[in-house]
Every structure is written in C-alpha cells, then in structure tokens.
Amino acid sequence: MPPRLRNILLPAAAGALFVAVWYVFRFSLADEMQFLLPTPGEIIGAFRENGDALARATLNTTEGALLGFAAAIAISIALALALSLSSLVRVSLYPYLMMLQMTPVIVFAPILVLWVGAGLKSVVVITFLICFFPLVVNTTQGLISTDRNLVELFRMYRASRWQEIFLLRVPSALPYFFTGLRIAATLAPIGALVGDYTAGSSAGDGGGLGFQAIIYSSQAKYPALFATAAVTCVLGFIFVAIVLSLSWLALHHWHDSYERADR
Amino acid sequence: MPATPLVDLRDVTKRYGDGPVVLDRVSLAATPGDFVSLIGPSGCGKSTLLRLIAGLSPLTTGAVTVCGHTPEEAAAELAFVFQEPTLLPWLSVAHNVAVPLQLRGAAPAERAAATHRVLELVRLADRAGAYPRQLSGGQKMRVSLARALSLAPRLLLLDEPFGALDEMTREHLNEELLAIRELQAWTAFFVTHSVAEAVFLSNRILVMAAGPGRVHAEIAVPFAYPRTAATRLSREYLDLVAEVSRLLRSVEGAAA
C-alpha cells in the first residue's frame, strides 16, 4: 500500500472503529442513563438545531483567539529580543516569566472582569496570557542559540549590532519561533474558550463557545455541549494547520526538519 | 629595493589571561604575493597567529600591521576562510557569497556582479540558487572561499579550510586555489596540518613549535607558479615533502 494512502486509510479506520465502540457503549447503557452520552448522530442533529447560536459563538471565540494570539506573538517577539540582548535582563526576568505561567489564570478571571470588563477584552487577555509563555521562551532560546561560528563571521566582517540581529540572529531563531508558535496555536482556541467561560459576556450577542457551553450544560442540552467541544477542536485544527503552513513556507527550503519530505 | 611588507609582525606575544604563553615573541613579514603556510603540532598557536593578523583577537604585547595599518583599520583589505564553511543555511549560495558586501552596504547591482564573478572563479555559477544543505562538503568550502574573495581582498587568511575534506577533493581545491591566485593577486596565510598541501601551495613554509608557540624554521619552496597536478609527481616536490615531514617530526618529538 502506498504510504500516502495508508496515512489516510489507517486514521479513517481507527476513527470508524471508535465511532462503532461509541454506539455499542451508548446502547449498552440503561435507558435512563443514555442521555449522558449522545450519539454522533444526535450531535450532528444538535448542530442543525443550534446552528445560528453556534456559528455566532464560534465567530466571537475566533475573534478573541486571533486577537489574543496576535498580541502574544507581537509582545513575545519584542520581549524575546530584549531578553536575548542582555543576559542580565534574562536572569532578572526569567523567574517572573515562569511565575506568570504557573499562575492559574482562572483564579484571576473575576478580577480581570473588574479591570477590563467582561466579554471580548477579558477573553483576549486570557488567551494572551495562555499563549505568551511558550512563544517567549522558544523565541528567546532561538535568538541566543545562534551558531558561534556565524556570529564570528559577522564580527569579522564588522557587521553592526542591527545587522547581526536582523540578518543573523532572527533568521536562525525562526525554527525555534515556529516551535513556540505551534504550541501556542493549539492553546489559543482553548484559551479563548476558557476566557469566555470564566469572563465572557453575552451582551450584544458577544458570547462565545465558553458561554454557549455554560448555557447548554445548565439546560442539560448534552448533544449541543458535545457539538460545542467539536467546534473548538476544529478551530484548534485550523489554527495549527495555518501555523504549520507558515512554518513550511518559511523553513522548508533550508531547514533540516523538512529534508526528508523534500527529497 | 625590497617590497614593503603587506603583513608585519614584531615580537608578537599572546597569552589568554594568566594562562600559558600561546605565542612567544613571533616576528615575521610577508611581502605582496607571498603564499605562507603555517604548519606545526597542535597547540603551537598557528590558528591564534592567524586570528591575531585578522584582528579577531587582541595581542598581549608586540605589534601587527596589515598594509601599514592595524588589523582593525585594514579590515577592508583582508578576508578570512574558517575551518568550517560557516554558511547561513537559510540563504542561497549567491546570497551567502554576497553577505560581506551586504554588510558593507554595497548596492544590489555591485553585489550581483561581484557574486557572479567569484562564483565563476570557484566554478559554482550554476549552483547560485542552491541552498547549502544541497551541496557537498567540497562545494560548501568553495562557496566559503568565493565569499571571502567577493571583497577582492589583498590578504587572504585561511584556517585549515580543507582539513575536513577527503584527499581527492582537497587536491582539486588546492589546484583551484592556485588557479584563482593566477587571476587575482592576493597574499595568503594558510594554516594546515598537511605537509603535502603546504609544499604544493606555498612559496614559504613556517614550521612552528609548541610550548610556547614560536616559529621554529622557515623553508622556502622554490617551484615556480603556476603549479599543477603534475607538480606533485616531480622528484623535487616529493623530496621537499619528505624534508618538511622530517623537520615537523623532530619538532613534535621535542614537544613530546
């Protein structure tokens, strides 16, 4: 079997098997318990029933995820540049960056609502906080891991500090940056959903998938709840697919990680 | 009238901090057109000597002048070829070659012309669009050489550039290097571990000794340029290789 066909057929078979087990399990439950595990068919039905609400919520969550993700990228690049330029700055700030990552964002959601208001702003801040750390750590690592021989070459040709940063350190940090970006891309939709769940607002149809999740679970609309989770999954896949494409565009012609696919 | 030296070292001593003396009162001069090989046991300071001439590392005492100036002032006149090809993997061959000119702020047209010219010299004009990972070890080294030549330097400093290559590739590159030298007048300092390579390339061989690093002996290589693959078959060439090898062994024996 050609490898490409195999790579499609095997996951498809595994998925079909999973759905089959799902149905078997569901119908082996006692009748009064069956509502706890909706079938895939019921979930698809929930999409039809709640299509408008889910679509609106998906758009709102996508907006929050995109804005938070973009802010995390922009600020992490700026901070990574600053951190890479001075080991003193690095040593001073690293513990606090770690602390930021360890801090459970959800605990601060209520106060965040008081600071910036419930809704999109809170969602963006929470997404930003969740995406920020892997981006800044990976990008900084990339910027300080430049091949020493290449740095010496640039010094030898009397490159200016700016030339060294933008012609040498930044391009050689790209593979690390994309590693961070890939991790952050999986976190962004989840971050936006968590943000919406804890600090969202339905004012002016501004509610996102997190808000819908609250509504569906309070109404015991479990097929719709599963549909909400499915939409979030798809959103995450789209984010990752976009980042993987960008990574391929930036790296495939020179970086060793793409070597096998090319030849 | 003796030619003014292009490179002049007077009583150059080098120590790293409180460590041992790496180079002890080395004096030497190279006139334009010289091809000087530095050969000697590991730890004799031959690579350090090259880095001092390049201004990549400060002297402890003594003086180095290149074209009558300090190495820093003469930066535009000299180019360095490292042991590794040190190519930027994300740039094509042509862009790699253009890096020194780009850093110097040369106009795109000037860069393109110079790049094409030196890639012709190293016979890689047809690989201008390739990326380093698509090249063989020998090709990478030729790109590195082309990059050094792109600035039309008066002094070329080469630190064991062909050390990692197989014998055949190394011999071919030696011949190419001399062929390029027929077209471009530069002076060279060439660090190597290979006696055959030193004899083939140079008109002067400095045999260095370690502990502390110093010039032990200088050997003049009398064969006329241009030299070709046939030079390696001559009786005189083989005799000189044997003589330099003996001398090198005696220096290494004394150190051990």
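## Helices α2 and α10 of chain A

In this predicted model, α2(A) and α10(A) are roughly perpendicular to each other, because their axes cross at roughly 85 degrees and angles of 65 to 115 degrees count as roughly perpendicular. Helix α2 spans residues 40-49 of chain A and helix α10 spans residues 222-251 of chain A, and the two axes come within 8 Å.

On the side of α2(A), the contact is made by A:Glu42, A:Ile43, A:Gly45, A:Ala46 and A:Phe47, while α10(A) contributes A:Pro223, A:Ala224, A:Phe226, A:Ala227 and A:Ala230. Sorted by class, the residues in the contact of α2(A) with α10(A) are 8 nonpolar, 1 polar and 1 charged.

## Helices α5 and α6 of chain A

The crossing in which α5(A) passes α6(A) is right-handed.

From α5(A), the residues that make this contact are A:Val105, A:Ala109, A:Leu112, A:Val113 and A:Val116, and from α6(A) they are A:Lys121, A:Ser122, A:Val125, A:Ile126, A:Leu129 and A:Ile130. The class count for the contact of α5(A) with α6(A) is 9 nonpolar, 1 polar and 1 charged residues.

## The sheet of chain B

Chain B holds an open sheet of 3 strands, whose order is β2-β1-β4 and whose pairing is antiparallel. The edge strands, each of which pairs on one side only, are β2 (21-30) and β4 (61-66) of chain B. When direction is ignored, neighbouring strands of this sheet are turned against each other by 20 degrees on average.

Strands of a sheet pair through backbone hydrogen bonds, in either a parallel or an antiparallel manner. Between strand β1 (residues 7-15) of chain B and β2(B), which run antiparallel, there are 6 bridges. For B:Lys14, the bridge partner in β2(B) is B:Leu23.

## Contact between the chains

The contact between chain A and chain B draws 13 residues from chain A and 14 residues from chain B. On the side of chain B that touches chain A, the residues comprise 11 nonpolar, 1 polar and 2 charged.

Key: Residues are numbered from 1 along each chain as its sequence is written. Chains are lettered from A and ligands numbered from 1 in the order in which they are written. This is a predicted model: local features need pLDDT of at least 70, side-chain atom pairs count only at pLDDT 80 or more; totals for chains, interfaces and linings use all residues. A crossing is left-handed if the near helix is turned anticlockwise from the far one by less than a right angle, and right-handed if clockwise. Helices (H or I, at least four residues) and strands (E, at least two) are DSSP runs, numbered from the N terminus. Two residues are in contact if their C-beta atoms, placed from the backbone, lie within 7 Å. Ala, Val, Leu, Ile, Met, Phe, Trp, Tyr, Cys and Pro count as nonpolar, Asp, Glu, Lys and Arg as charged, and the others, Gly among them, as polar. Axes are lines fitted to C-alpha atoms, for helices over the stretch in contact, and angles run from 0 to 180 degrees between N-to-C directions. Angles under 35 degrees count as roughly parallel, over 145 as roughly antiparallel, 65 to 115 as roughly perpendicular and the rest as oblique. Two strands pair if DSSP finds at least two bridges between them.
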